[in-house]
Amino acid sequence: MRKRNAVRVVLALSATGAALTPPSLAYAEQPLRVDLRADVDRDGRVDLTGPTDTAGEDTWSVGRGAVFLPNIDDDGKRCPTTAPGGRPLSDAKLAACNDASDTKVNGRADAADLARVRSLPMTNLPSDARAGVQVTTGAAQTRVFVNRIGAWKPVTAQTRLTWAELRAGVEFGVEGKDVIRDSAKWDGRVAIRLKVTSSSGDASDTVTLRAAPLLTHHARQDTQQLMVTKARGNDAWAKRQREFVGALEKEGRQAGITKPLVTFEKYGDIWAQDFVEPAYLNMTGPDGRQRTMRVMLRSAQDREAGRELYEKLRGPDIGVVQAKGRDMQGWETLNSYGNLETIPPYAQGGRSFPAGRIIMGERKDGSGVRPSQEIRTLLKSQGLQDPLLLDTSWLHVGHVDEFVQFLPADTPRGWRIGIADPEAGLRLLRDAQRDGHGAKKMFSVPGFDGTHAPAETIDQALASRYLVSDNQMAARKITANLEILKRETGVTDEEIVPVPALYTRGIVQDSADTRVPLLSRLGGRAEPEVARKHGQQQMAEDAPTAAPTASAAPAPTVSTSAYVPGAVNGILLSRDRYLAPRQWGPVIGGRDIFTEAVTAAYTRAGMKVSYVDDWYTYHLGMGEIHCGTNTLRDASAAWWKP
């Protein structure tokens, strides 16, 4: 509640308002009124003349209440990336510098990141009136500045506002020092109190603001720019990977993406989806336009590639957030951001997600392995995208992008679910076998750099020891996850796009002399040493045997990866253009049967699909196009509006 203690001022007035002298004094009492206002209705303007920014100024909700930005970009490019002498800075020191790490407003661009708070001019002030400003909630997480003749000065316990400043009205600027990390410790709210004192008494007023939530992108936001790692070196593999980068750039241009590729080149980590999750913060700026700050959320892993987010990207309107402490150790694959996707906006069962909702995978196999607790707490603490956990225990890498995606759609909901369909993949092989094509090669991919192309046939694949049972298991797991998504979102079967897929417990589908060397070169999407050991183990298990009988017990949960390049593991280039990994399936009658089936699935969903070869660049490392790329999307829309 507002606290406005009255200071009585005695005026002598005539009926016409002219000042009189005794004895014809008439007394009027005008209480001293402190009125502090913020942009409660989020239109970018602090209303000093009307009521639009007064109702609810002491509270905050998703739809109403003043917002401020965590000011974690580097508008002046002042943050160093190396120590004196060129030595690398520690991760902690890289993360410690941003625009909010000093007590200055670093130019006009930095000032534009400040949320405004203003006091109404006070015309009935006693001559000895003075005022102080106190942050009563959130003081440790925020900083308040006062605008003094165009210069922003930090507000401290010693700051005093003069009679002249109060009479003219005071402008304040508010910034956050960090994003909301844990709402149990700080929920993002800051309460600012202006208190005026004088010999006649005192008066005060308080307004509440909340930090803008850190939000991840969803498929209904248009793709504006693509990110990818560009391999260095002159060996055949590096050249092939750079060919992939060139093909990606060409596909982006054809889809209408005009901004150049963002390429990571320093650390050689080809999994650009995994070490960073592009996110954003926004509020309505003082000019009435949306003020958007991109934030690169670094994976909670000990992988050097995340350093390039600071070294290459951090700057004006781009900040970086990383986990702290022990969560930044190791290479737990569930902490990669291929394991973080976002359902587009929806409302269901009394819950609304106007900015979409995050999904992540966990291992529901008794191991209890989940993504970083710190990152999950951070994401949930934003208050809008409460992460939903799905079961990825049946995937060796364990990422949700290996089996599910979200596609824009011209429907009342505005989106569909694309889902991998192993049963459809098995049907394609069985139908080909039934029609007399069992001797056709399972894969049409040519050899590369002196290696042999896969030689197995459709008959051999279907008769192999695990392929059928592994895909029956995968189908059950995918169906169970899909039921969770349907229950949580209300999506119907008509809004689901099944896309043919196949999985295998063998990491790759290649001859023994190719598999391990290539996996070693790629690193693998999981931790490299674990991936290599797994590959060596599985090579001994892949020998063809009789297929399981129909009466065999259901296959237990096993770790699998894509057998045919995973079509759902591609990139949404625009609202109607989708880029999938080239399938390299069996060629019958001059046509790749998997390519035909995948194209038909996306065409039915209103998408134009094109293909890029990623077999030797990503597929053999247990990933696809999506795993090796990332997207920056349009984040200008107000997250508080449906």
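Student: How many helices and strands are there in the protein?

Tutor: This is a predicted model, in which local features need pLDDT of at least 70, side-chain atom pairs count only at pLDDT 80 or more, and totals for chains, interfaces and linings use all residues. Residues are numbered from 1 along each chain as its sequence is written, and side-chain values use heavy atoms, with hydrogens and water left out. Helices (H or I, at least four residues) and strands (E, at least two) are DSSP runs numbered from the N terminus. The protein has 13 helices and 33 strands.

Student: What percentage of the 642 residues is buried?

Tutor: Buried means under 20% relative accessible area, exposed over 50%, and partly exposed in between, with a 1.4 Å probe and protein chains only. Among the 642 residues of the protein, the buried share is 57%.

Student: Which cysteines form a disulfide?

Tutor: A disulfide is a pair of cysteine sulfur atoms within 2.5 Å. By this rule the count is 1 disulfide. The sulfur atoms lie 2.2 Å apart, and the pair is Cys79 and Cys97.

Student: Why is the disulfide of Cys79 and Cys97 described as left-handed, and how far apart in sequence are the parts that the pair ties together?

Tutor: The disulfide is left-handed because the torsion about the S-S bond of Cys79 and Cys97 is about -80 degrees. Cys79 lies in the loop between β4 (66-68) and α1 (91-96), and Cys97 in the loop between α1 and α2 (107-111), so the parts tied together are separated in sequence by 18 residues.

Student: Are Cys79 and Cys97 buried or exposed?

Tutor: The 20% limit on relative accessible area applies here as well. Cys79 and Cys97 are both buried.

Student: Which residues lie nearest the centre of the largest cavity?

Tutor: On a 1 Å grid over the protein atoms alone, a cavity is a set of points where a 1.4 Å probe fits but cannot get out, and lining residues have an atom within 4 Å of a point. Grid points are joined across faces, edges and corners, and a volume is the space filled by probe spheres set on the points. The largest cavity has a volume of about 390 Å³. Its lining has 25 residues, and those nearest the centre are Ala219, Glu341, His626, Thr631 and Arg633.

Student: Which elements give two or more residues to the lining of the second largest cavity?

Tutor: The second largest cavity has a volume of about 130 Å³. Its lining comprises 16 residues, with Asp39, Val67, Ala115, Arg116 and Thr284 nearest the centre. The elements that give two or more residues are β4, β5 (115-119) and β15.

Student: Which residues have the most contacts inside the largest nonpolar core?

Tutor: A nonpolar core is a set of buried Ala, Val, Leu, Ile, Met, Phe, Trp, Tyr and Cys residues joined through side-chain atoms within 4.5 Å. The largest such core has 64 residues. Those with the most contacts inside it are Val117, Leu161, Phe172, Ile192, Val196, Leu209 and Leu281.

Student: In which loop is Arg42, the residue with a positive phi, found?

Tutor: Most residues other than glycine have a negative phi. Arg42 counts as buried, at 5% relative accessibility. Its location is the loop between β3 (36-38) and β4.

Conventions: 1 Å grid on protein atoms, 1.4 Å probe; cavity = no way out; pocket = protein on both sides within 12 Å on 5 of 7 lines; lining within 4 Å.
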